[in-house]
Amino acid sequence: MVEEKARVLVVDDDPDLLDLVQRSLSAYGFEVLTHTSALGVSNLVSQSEPDFVLIDVNFPALKGDKVVNLARQYASAKTKFILYSASDESKLRSLALASGADGYISKSVQGEELANRLRNFRLKPRAAPTTSTT
């Protein structure tokens, strides 16, 4: 039996970071979709039904934590929303709690560690936001 690839929607306005994350997660068996704007995320979530939405919090027009509130209305129950930012960890934790995100991961986390943290989020029920530990 073939295991279905986990689908990740990565939302960030930095195309270089999107390319890096896409290549990295694809190498670890994820199906990766990318989007460069906070606008339109709700439609993408509704249409693509990702397992994870990895979203930056610093967009010029609409902050990522606000997008989580909007997009969750269109997401399936299995979709985990994870803030992905270079912001200070305490700020990320507060934003994740305030926005209803399932957790947060620092942008300094890449490659195999990022893939492992996403897999750990898949196993967790929706609860208070946390960073995953490996």
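The side chain of T79 reaches the backbone oxygen of P50 at 2.7 Å, a polar contact in the sense of a pair of N or O atoms within 3.5 Å, where, within protein, one must be able to donate a hydrogen and the other to accept it, and residues adjacent in sequence count only if both atoms are side-chain atoms. The model behind this is a predicted one, in which local features need pLDDT of at least 70 and side-chain atom pairs count only at pLDDT 80 or more, while totals for chains, interfaces and linings use all residues. Residues are numbered from 1 along each chain as its sequence is written, and side-chain values use heavy atoms, with hydrogens and water left out.

T79 itself is found in the loop between α3 and β4. At 0% relative accessibility, T79 counts as buried; the cut-offs here are under 20% relative accessible area for buried, over 50% for exposed, and partly exposed in between, with a 1.4 Å probe and protein chains only. The element names come from DSSP runs numbered from the N terminus, with helices being H or I of at least four residues and strands being E of at least two.

Next comes the sheet. It is open and built from five parallel strands, in the order β2-β1-β3-β4-β5; strands are taken to pair if DSSP finds at least two bridges between them. The edges belong to β2 (31-35) and β5 (103-106), and each has a single partner strand, so one side of each is left without a neighbour in the sheet. From one strand to the next, the twist averages 25 degrees. For this and the other angles, axes are lines fitted to C-alpha atoms, for helices over the stretch in contact, and the angles run from 0 to 180 degrees between N-to-C directions.

Six of the six residues of β4 are buried, so the strand is largely enclosed by the rest of the structure. In a regular strand the side chains alternate between the two faces of the sheet. Both faces of β4 are covered, with K80, I82 and Y84 buried on one side and F81, L83 and S85 buried on the other. Four bridges join β4 to β3, and the two run parallel; here I55 stands opposite L83. On the β5 side, β4 (residues 80-85) again pairs in the parallel sense, over four bridges, and I82 has G103 as its bridge partner.

Helix α2 (residues 41-48) lies across β1 (7-11), β2, β3 (52-55) and β4, and runs at about 170 degrees to β1.

As for charges, the structure holds eight salt bridges, each a side-chain nitrogen of Lys or Arg within 4 Å of a carboxyl oxygen of Asp or Glu. One of them joins the side chains of E31 and R7 (3.2 Å, N to O). E31 lies in strand β2 and R7 in strand β1, so the pair ties together parts that are 24 residues apart in sequence. E31 is partly exposed at 31% relative accessibility, and R7 is also partly exposed, at 26%.

D102 forms a salt bridge with R72, with the closest N and O atoms 3.1 Å apart. This pair ties together parts that are 30 residues apart in sequence, since D102 lies in the loop between α4 and β5 and R72 in helix α3 (residues 64-72). D102 is buried, at 6%. The E113 and R117 side chains meet in a salt bridge at 2.7 Å, N to O; being four residues apart in helix α5 (residues 111-123), they are separated by about one helical turn. E113 is partly exposed at 35%, whereas R117 is buried at 14%. D12, D56 and K107 are linked in a network of salt bridges.

Finally, L62 has its place in the loop between β3 and α3 and is partly exposed at 25%. Leaving aside neighbours within four places in sequence, L62 is in contact with A38, V67 and L70. L62 and A38 are 24 residues apart in sequence but 6.1 Å apart in space, C-alpha to C-alpha.

Conventions:
Contact = heavy atoms within 4.5 Å.
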